[in-house]
Amino acid sequence: MFHNIYRTTLLTTRQSNLYYRTLRAASTSSKGKVLTTARINPHIRNAEYAVRGALPIRAEALNKQLQNDKSLGFDRVVFCNIGNPQQLNQKPITFFRQVASLCDNPELLKPEHRDDLLKLYPQDAIERAELLLKHIGSVGAYSHSQGIPHIRENIAKFLERRDGYPANPDHIYLTQGASAGVQTVLQMLTENEKSGIMIPIPQYPLYSATLSLINATPVPYYLKEDQDWGLSVEDLKKSVDEARAKDVDVRALAIINPGNPTGQCLTEENIRQIIDFCQKENLVLLADEVYQTNIYKPDQRPFHSFKKVLRSMGNDYNNVELFSFHSTSKGMIGECGRRGGYLECVNIDEDVLAQLYKVASISLCPNVHGQIMTDLMTNPPVEGDASYEQYNKETKGIFESLQRRATKLASCFNGLENVTCNDAEGAMYLFPRVRLPNKAIKAAKDAGIAADAFYALKMLEATGVCVIPGSGFGQEDNTWHFRSTFLPEEHLFDQFCSNIEKFHKDFMTEYRD
């Protein structure tokens, strides 16, 4: 069932195995390179990560070509392959950058510079930088392996404000973005190749790629496209039963909420059902909640954290083990390059926490700049602070623009021939379904790539718009999709949509059956 998610190359699996066996024989029969692709860790060779795969590599090449060649038919490459807001010119939050810059240059905070400094920085940004540096020392020094204690305490306060239930700073780990936390927990969960992790289809390929690297078994469960990418407990039960019948030791369930690439937001009742399912099936719950502030229909589909819902279910569920993840890369912040994030551990065995700390200490510490950004994300200016008005204006402006762009792009996709697209309830993406003509599917097969990869490549070459084919995320058999962010700048959005509409019309005309 986990078919053809990543195989978009010319080589089939059988051809690929033969190719590597030939290389291996050649490499051992002469004094060539010690390290070849035939001799590296096979789990690395087998891992695929679509959002930074063949399409983005081609997009980078076109972007470079544009510097000297203006004959491509477009004047810029639009990178819609990844949720990277500032790459597409989203403005950083001023207060966050002010504090970060002062932490980087503490010389400015000396008393003799204060009068000049106050001409450039608001008082609350200065005070926040001073407070952080009091607890950090120098941003160039290693921190505590689990993260700076002061920042973990602030995250715990944020979690209590968000959920209404206390959080323990000793059970919070600062991480290099949410991805590092996810990878660490998946590594902890994997005992051997029979260890199974339930992942959604479609899914963010961080999960499948990491499971490949650590030689664990992905256990897919399918989201319902015709139900706004909804999640059925019955489908979860079917997936876990089928895997266990094959002797897979299913250990955990990964949930992405709001969804990536699908943009759905789970209801509180659905979350309760999932928690109950995990208790009955003895599964650890992994809640990827990095898009928790990207909620575009807050009245109909507000965000509910798994931790809040779990705590509300009472003592009968105190044995449900939960890891939850958050990041500075998304939301209105978009500080992807800072690599800030955290994971919270709930109901996790103390001996396991000790092992988790050991793993964290091997990397010494998460980067301090990311930790500072995480502190600012979880403890922003509040009403009455000097920077609050500007902070509120900036975050509100970004949010409302994302809402408008999400609606406009969904409307664009739904206006294309043989394309349907669910609205985005959250996150930064749309995942439209494209019903491709048989002629296009045959052309893709002849080229040795998946049909949606063929479509996405044609779009890139015609418009400069880089999207990711659904085959990179997983999808139901005989369906084709692509994922696009709605992050291009709003003042360019009409042209962006027009280019896609023209391409699609031309594509359908060329390949019409």
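In the predicted model, Asn257 is placed in the loop between strand E5 and helix H11. Asn257 has a relative accessible area of 0%, and it is therefore buried, the limit for this class being under 20%. A polar atom of the Asn257 side chain lies 2.8 Å from the backbone nitrogen of Leu266. When residues up to four places away in sequence are left out, the contacts of Asn257 are Gln264, Cys265, Leu266, Ile271, Asp288, Glu289, Phe303, His304 and Phe306.

Strands of a sheet pair through backbone hydrogen bonds, either parallel or antiparallel. E5 runs parallel to strand E3 (residues 195-201), and four bridges join these two strands. Within this pairing, Val250 of E5 stands opposite Gly196. E5 is also joined to strand E6 (residues 284-288) by five bridges, and this pair again runs parallel. Here Ile256 has Asp288 of E6 as its bridge partner. Asp288 is also one of the residues that Asn257 touches. Between the two strands of the unit comes helix H11 (residues 268-281); E5, H11 and E6 make a right-handed β-α-β unit.

A search of the whole structure finds one cavity of 30 Å³ or more. The largest cavity holds about 80 Å³ of space. It is lined by 14 residues, and those closest to its centre are Pro200, Tyr221, Leu223, Ile256 and Gln264. Gln264, in turn, is among the residues in contact with Asn257.

Ten of its eleven residues are buried, so H14 is largely enclosed by the rest of the structure. The buried residues are Val368, Gly370, Gln371, Ile372, Met373, Thr374, Asp375, Leu376, Met377 and Thr378. Their cover includes both helices and strands: helix H4 (94-104), helix H6 (123-136), helix H7 (149-163), strand E2 (172-175), strand E7 (322-327) and strand E8 (341-346). The N-terminal end of H14 is capped by Asn367, of which a side-chain oxygen lies 3.2 Å from the backbone nitrogen of His369.

H14 also takes part in the lining of a pocket. The largest pocket contains about 580 Å³ of space. Its lining consists of 28 residues, and Phe158, Gln292, Thr293, Met377 and Tyr391 lie nearest its centre. Two or more lining residues come from each of H7, E7, H14 and helix H15 (388-414). H15 gives the most, with five residues. Met377, one of the residues nearest the pocket centre, is one of the buried residues of H14.

A further sheet is formed by three strands. This sheet is open, with the order E10-E14-E13 and antiparallel pairing. Strand E10 (429-430) and strand E13 (468-469) stand at its edges, each with a single partner strand, so one side of each is left without a neighbour in the sheet. E10 is joined to strand E14 (residues 482-485) by two bridges, and the two strands run antiparallel. In this pair, Leu430 has Ser484 of E14 as its bridge partner.

Technical notes
Residues numbered from 1 in each chain as written. Predicted model: local features only at pLDDT ≥ 70, side-chain atom pairs only at ≥ 80, totals over all residues. Heavy atoms only, no water. Pairing = 2+ DSSP bridges. Right-handed = clockwise from strand over helix to strand, strands pointing away. Buried < 20%, exposed > 50% of the residue type's maximum accessible area, 1.4 Å probe, protein only. Polar contact = N/O pair within 3.5 Å; in protein donor to acceptor, adjacent residues only side chain to side chain. Contact = heavy atoms within 4.5 Å. 1 Å grid on protein atoms, 1.4 Å probe; cavity = no way out; pocket = protein on both sides within 12 Å on 5 of 7 lines; lining within 4 Å. Points joined across faces, edges and corners; volume = space filled by probe spheres on them.
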